[in-house]
Amino acid sequence: MEIYVVQPGDTVDSIAESYGIPVSSVIYNNQLVYPYPLALGQALLLSAGEEQTPAYPAWVNGYAYPFIQQDVLEETLPYLSSLSVFSYGFTTDGELVAPAQDDSFMINAALKAGVRPVLTLTPLGPDGNFNNFLIASVVNNQTAKDTLLTNILATVQEKDFQGVDIDFEYIRPEDRIPFADFVADMRNLLSPYGYHVSVALAPKTSDTQAGLLYAGKDYGLLGEAADSVLLMTYEWGYTYGPPMAVAPVNKVRQVVEYAVTRIPPSRIDLGVPNYGYDWTLPFVRGSSRATTISNLEAVRIAVEAGVPIQFDEVAMSPYFQYEKDGQQHEVWFEDVRSYREKFSLLPEYGLRGMGYWQIMRFFRPNWLLLENTFQIQKP
């Protein structure tokens with residue numbers, strides 16, 4: 001497959017004609033909507049050139065909530081190795097809290113597609129935020145920890161999950177070792193049954209990186225404790241921060257370069273975002289709030305505003321500015337160019353695979369590019 005960047009005067013018909021490919025394939029690959037308008041600078045994925053069999057094997061995980069649309073789930077599953085159901089919580093005494101909506105259809109669909117369904121465990125409090133008091137209450141209390149581990153094993157077996165992903169954030173520095181011990185205990189309990197245990201890691205670049213997101217995550221200890229880890233290499237551009245790329249590849253690379261010094265690359269999955277943000281300008285820290293948008297929505301906004309999409313050669317990410325109702329906006333998102341750059345890190349560093357946050361919105365160009373780049377592994 002080839003990536004083509006829209007130039008002045010281009011149409012879907014002219015692009016297809018120049019490559020000698022059907023117009024329908026350009027429309028399908030890129031989820032274009034009639035009458036198929038294009039934005040200057042838009043990246044299109046074209047089914048052109050000789051077909052080649054991808055050589056590099058990659059494990060591909062996708063996170064999803066139980067309110068995912070059935071058609072989105074079914075369209076995405078062929079490109080996944082595992083599906084992480086987000087999420088299960090717990091109480092201070094170790095009782096497991098299931099998602100508010102039934103997740104059975106997700107588990108069944110994954111198993112039918114030959115994809116590993118994974119129980120995602122998070123310390124989300126009643127307010128929906130990560131709660132480090134919950135973490136401390138369990139990892140430092142043997143009785144509560146044993147209760148939680150027992151409940152997880154029972155739920156995994158009862159619901160036909162095939163693994164557990166531990167996504168704890170804002171861990172207190174003093175809980176660094178107890179948390180790693182908790183992950184190791186989880187793995188020791190589940191491994192004899194053939195269940196896989198993974199853990200999500202904040203994007204650190206050094207052992208001594210300060211901040212509540214980082215201090216409680218010991219890359220070396222957690223890399224030993226879990227079967228695999230996910231580097232959460234996204235959210236540099238985030239809801240309350242200034243406009244910038246969500247996952248600038250120069251920053252992502254720094255995290256990977258540190259991670260491989262502490263964890264075997266064959267245990268590392270690269271976090272990949274499947275979304276963008278729309279900021280209003282000027283940005284005012286403390287009051288500005290970006291809106292989360294899909295990658296397709298970002299292109300639609302550029303088309304409707306009649307503005308060109310630009311590409312940052314350092315972050316390797318697309319962006320643009322536009323005006324609406326007298327208000328300036330700046331948008332950063334992902335396209336096949338930015339995904340190609342992230343994909344290239346897997347063979348370069350020998351990584352195990354990648355994990356998408358999240359798959360609630362279907363973006364076909366990404367999946368076609370991924371399928372064309374990697375041998376997608378199955379359980």
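Leaving aside its neighbours within four places in sequence, Ser 288 is in contact with Thr 239, Tyr 240, Pro 282 and Phe 283, where contact means heavy atoms within 4.5 Å. The model is a predicted one, in which local features need pLDDT of at least 70 and side-chain atom pairs count only at pLDDT 80 or more, while totals for chains, interfaces and linings use all residues. Residues are numbered from 1 along each chain as its sequence is written, and side-chain values use heavy atoms, with hydrogens and water left out.

Ser 288 belongs to the loop between strand 11 and strand 12; helices (H or I, at least four residues) and strands (E, at least two) are DSSP runs, numbered from the N terminus. With a relative accessible area of 10%, Ser 288 is buried; the term stands for under 20% relative accessible area, with exposed for over 50% and partly exposed in between (1.4 Å probe, protein chains only). A polar atom of the Ser 288 side chain lies 2.6 Å from the backbone nitrogen of Val 284.

Strand 13 pairs with strand 14 (residues 317-324) in the antiparallel sense over three bridges; two strands pair if DSSP finds at least two bridges between them. Here Pro 318 in strand 14 is the bridge partner of Phe 311.

Strand 7 pairs in the parallel sense with strand 6 over three bridges and with strand 8 over four bridges. Leu 119 has Val 164 of strand 7 as its bridge partner, and Asp 165 stands opposite Ser 198 in strand 8. Both faces of strand 7 are covered, with Gly 163 and Asp 165 buried on one side and Val 164 and Ile 166 buried on the other. Strand 8 (residues 196-201) also holds His 196, a buried residue with a relative accessible area of 16%. The side chains of His 196 and Ser 228 make a polar contact (2.8 Å), that is, a pair of N or O atoms within 3.5 Å; within protein, one must be able to donate a hydrogen and the other to accept it, and residues adjacent in sequence count only if both atoms are side-chain atoms.

Helix 6 packs its buried residues against several elements, including strand 6 (116-121), strand 7 (163-166) and helix 7 (176-190). Among the buried residues of helix 6 are Leu 148, Leu 149, Ile 152 and Val 156. Seen down the helix axis, the buried residues fall within an arc of 165 degrees, so they line one face of helix 6; the arc is that of the directions from the helix axis to the C-beta atoms. The face turned away from this buried side carries the exposed residues Thr 143, Thr 150 and Glu 158. At the start of helix 6, a side-chain oxygen of Asn 141 comes to within 3.0 Å of the backbone nitrogen of Thr 143.
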